[in-house]
Amino acid sequence: MAGVRRPLARSVQLKLDVRDRVDHLPGQHYVVRLTAEDGYTAQRSYSVASAPDEPLVELFVERLEDGEVSPFLADVVEPGDELEVRGPIGGWFVWEGDEPALLVGGGSGVVPFVAMVRHARALGRLDLLRIAVSTRTLAELPYADELVAAGALVVTTREAHGIRPAARLTAMDLVPLWEPGQTAYVCGSTPFAEAAGQLLVGMGVPPTSIRVERFGASGEPVPPG
Amino acid sequence: MAGPTRGFLGRSRAPRDPRLPPGQYDAGADWPVLTAEPTPRISPDTWSITVDGEVANPTTWTWEEAHQLPGAEYRGDIHCVTTWSKFDTHFGGISVDGLLEVAQPTAEGRFVMATSKTGYTTNLPLEDVSGGKAWLVWEYDGKPLPVEHGGPVRLLVPHLYFWKSAKWISKLTLMKRDQPGFWEQNGYHDRGDPWRQQRYQGD
């Protein structure tokens, strides 16, 4: 564990110095596995926020009140600790940096998009990305500054933002961002991902061009079956 | 294998339910939804199931025809690779055996690729979907299977991790050789036995 930052309440950014690291693609995740003295283990997956060319792997972890792994990572872990990790994992919800993409994120579902933004910036290809993010309030949005700097449209559901009153994401928000040829990436809680996916389908985006990653009950961004 | 993680105690594990495979937790009444695509809207009128590939009689059943087959049900537990398990579920539909009996896999057809209406795929050994171990289900708790859980019809292979139980199932293709499906190409295990924690390739 090379660095621990807690810029927001109820979450933590972990920077890991991963031994024998294999470069990830933006959008992939890592599994963190904790082992107790008696051999009991618990493992969860977390999205990578860092770009492949960064020296450390950065994971964003939202602290779930009744969680088992996230409270430990949020409250206990310190720089210098050894963690067992596995990754990178996932080959579907990834952006390789060479195709136009529409990124639609809700809450901490923006984390894989931070990796994509950083990768695009490193490649000088921020022009390929269109970004819309939804959050309760701006203060609760992880990596808000980086997303706004990358041109993200920010929709706030619990407070006014600029001239826009508190409101959910609508097709009106997404239509100006959509262009044929884009792949759309949707990431967030199940209700958010469901709603955003249906908005895109309703706008005429081909379902085969939409990739969805929903959070599980444990808050992790792993998407199977 | 790494040693203990400094400061990690874990949940109290005194009353661990013996029905819970290693690394899983009891989701209780929840049934999390996890899919890689937008939820498709499929009408029973246009749904069908095809069994093809290495079979003597490639066959397609419509919704009506599938309902003419002998009914079958599953009562028991399900396990998702994202670590939740759900106890005492109740699904209704038909046994995959009934479809295989008609389609007649050849001696060489030893693996199955399950394909969904959305294009999602997952691979299974034939022996994991025959012998009373797999179903096509359209009812959950006596009601139509909700679309977000794979309705109108999903595959149910409850002794394996739940990504093998393809939602919105439309085709079972018998194959000579195993080929990785959607998640399997993306690093997940070819078999996915929860009691052996076969989560990722190499487990």
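Begin by selecting B:Gly93, which has its place in strand β5, residues 84–95 of chain B; keep in mind throughout that this is a predicted model. Is B:Gly93 buried or exposed? B:Gly93 is buried, because 23 other C-beta atoms lie within 10 Å, and a count of 20 or more is what makes a residue buried.

Next, show the residues that B:Gly93 touches, leaving aside those up to four places away in sequence: they are B:Ala72, B:Trp135, B:Leu136, B:Val137, B:Trp138, B:Glu139 and B:Val153.

Now select the whole of chain B, in which you can follow 4 helices and 11 strands. The C-alpha atoms of chain B fill a box of roughly 60 × 35 × 30 Å, taken along the principal axes. A compact globule with 203 residues would have a radius of gyration near 17 Å, and chain B, with 18 Å, agrees with this. Of these 203 residues, 42% count as buried, and among contacts between residues at least 6 apart in the sequence of chain B, 66% join residues at least 24 apart.

Keep chain B selected and bring chain A into view, so that you can look at where the two chains meet. How many residues of chain B are in contact with chain A? There are 39 of them, in contact with 38 residues of chain A, and the side of chain B that touches chain A has, by class, 19 nonpolar, 14 polar and 6 charged residues.

For 225 residues, a compact globule would have a radius of gyration near 17 Å, and the 17 Å of chain A agrees. Buried residues make up 45% of chain A.

Colour chain A by its two domains, with domain 1 covering 3–89 and domain 2 covering 101–214. The centres of domain 1 and domain 2 of chain A, taken over C-alpha atoms, are separated by 24 Å. Where the two domains of chain A touch, 13 residues of domain 1 are in contact with 12 residues of domain 2, and the domain 1 side has 7 nonpolar, 4 polar and 2 charged residues.

For the last stop, select helix α5 of chain A, residues 190–202, which has 13 residues and reaches 18 Å from its first C-alpha to its last, close to the 18 Å expected at 1.5 Å a residue. Which residues of α5(A) are buried? They are A:Phe192, A:Ala193, A:Ala196, A:Gly197, A:Leu199 and A:Leu200. If you turn the view to look down the axis of α5(A), its buried residues fall within an arc of 160 degrees, so they line one face of the helix. These buried residues pack against β7 (101–106), β8 (129–135), α4 (171–174), β10 (183–188) and β11 (210–214) of chain A, whereas on the other side of α5(A) the residues A:Pro191 and A:Gly202 are exposed. Finish with A:Gly204, which follows α5(A) and has a positive phi, near 100 degrees.

Conventions. Residues numbered from 1 in each chain as written. Chains lettered and ligands numbered in written order. Predicted model: local features only at pLDDT ≥ 70, side-chain atom pairs only at ≥ 80, totals over all residues. Helix = DSSP H or I, 4+ residues; strand = E, 2+ residues; numbered from the N terminus. Expected span 1.5 Å × (residues − 1). Buried ≥ 20, exposed ≤ 12 C-beta atoms within 10 Å, placed from the backbone. Arc of directions from axis to C-beta. Contact = placed C-beta atoms within 7 Å. Rg over C-alpha atoms; globule rule 2.2 N^0.38 Å. Domains from an automatic or database assignment. Nonpolar A, V, L, I, M, F, W, Y, C, P; charged D, E, K, R; others polar.
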